[in-house]
Structure formats: structure tokens, C-alpha cells
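Work through the following exercises with the model open in a viewer. Each task is followed by a stepwise solution.

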Amino acid sequence: MFRKKCEEQDWDFTVCSRGIRATDGGAAAPEGVQVMREKYGIDISGHRRATISATDTASADFIVPLDGVIREYLVNTFPVSEKLIFLENIDDPYGGSREVYERCAAQIEHLIDAVVAEGGF
């Protein structure tokens, strides 16, 4: 969603999605692919899971952890505290129903709007 917003606004950001317990190379959940395509017009079928690394954090302008557990992991593992923007808790939808993915997507959309407003982009 943030990548699409960057493209629409002609912002020069490289956007990536990383996890802290991701199985590298795994595909996005079918429910997530369907929700993103149908509700947001975004094709994430080519998305592959990846675990965040020191290289990722070192090159990031900012990092948006989705919850406090992820934030704590990042702060305790990488020198990232000055880069963090923490706005709200969003539950990981993995393994949930389509409705869980819809709720998560709506929360992420709200989070992106808040990040954009906070960052003054």
C-alpha cells in the first residue's frame, strides 16, 4: 500500500516488507493476495516473505513496526531506535480468515495515512 502511495505521489522511497520470524521465500497468504487485489487494486501475488536484516535496517530511512513485540525485537537487535515510527498495534493476520486480512489491511491503510501525516511527506 505504501509503495502504491509513493508511486501516486511521485515520492522517491524504496519500500520493502520484512518480518522477524518470516520463512524466507514463502508466498503471501492467498487471503491476503485476494484482499489486496479486490479491495485495493494491488497485486501482491509475487510477494515473498523475508526476514529483516542488519543490511535492511542500515539502509532504511524509517521503519514502521506493526506492534510492540516487533519494535522491541528491532531495538534490541539492531541500532534502529532513531528510525522507528510506532503508531499502533496491528495483529499479524497470518493463518486467519479473509475477514482477518480485511481488518488488518484497513488498519495498515490507517497506519500509512498516519505515517504520511506524521512524516510531513
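The model is a predicted one.

**Exercise 1.** Compare the span of helix 5 with the expected span, then find where its buried residues lie around the axis.

Solution.
1. Helix 5 covers residues 98-119, 22 residues in total. From first to last C-alpha it reaches 31 Å, close to the 32 Å expected at 1.5 Å a residue.
2. The buried residues of helix 5 are Tyr101, Cys104, Ala105, Leu111, Ile112, Val115 and Val116.
3. Viewed down the axis of helix 5, these buried residues fall within an arc of 135°, so they line one face of the helix.
4. An α-helix has 3.6 residues a turn, so residues three or four places apart point the same way.
5. Helix 1 (2-9) and helix 2 (30-40) are among the elements covering the buried residues of helix 5.
6. The face turned away from the buried side carries exposed Arg103, Ala117 and Glu118.

**Exercise 2.** Describe the surroundings of Thr57.

Solution.
1. Thr57 sits in helix 3 (residues 54-59).
2. Its relative accessible area is 4%; because buried means under 20%, Thr57 counts as buried.
3. A polar atom of the Thr57 side chain lies 3.0 Å from the backbone oxygen of Ala54.
4. Beyond neighbours within four places in sequence, Thr57 is in contact with Ile52, Ile63, Phe78, Val80 and Lys83.

**Exercise 3.** Which residues make up the largest nonpolar core?

Solution.
1. The eight residues are Ile20, Ile52, Ala60, Ile63, Leu74, Phe78, Val80 and Leu84.
2. Apart from this core lies another, of seven residues, including Ala29, Val35, Ile42 and Ala105.

How values were computed: Residues numbered from 1 in each chain as written. Predicted model: local features only at pLDDT ≥ 70, side-chain atom pairs only at ≥ 80, totals over all residues. Heavy atoms only, no water. Helix = DSSP H or I, 4+ residues; strand = E, 2+ residues; numbered from the N terminus. Buried < 20%, exposed > 50% of the residue type's maximum accessible area, 1.4 Å probe, protein only. Polar contact = N/O pair within 3.5 Å; in protein donor to acceptor, adjacent residues only side chain to side chain. Contact = heavy atoms within 4.5 Å. Expected span 1.5 Å × (residues − 1). Arc of directions from axis to C-beta. Core = buried A, V, L, I, M, F, W, Y, C linked by side-chain atoms within 4.5 Å.
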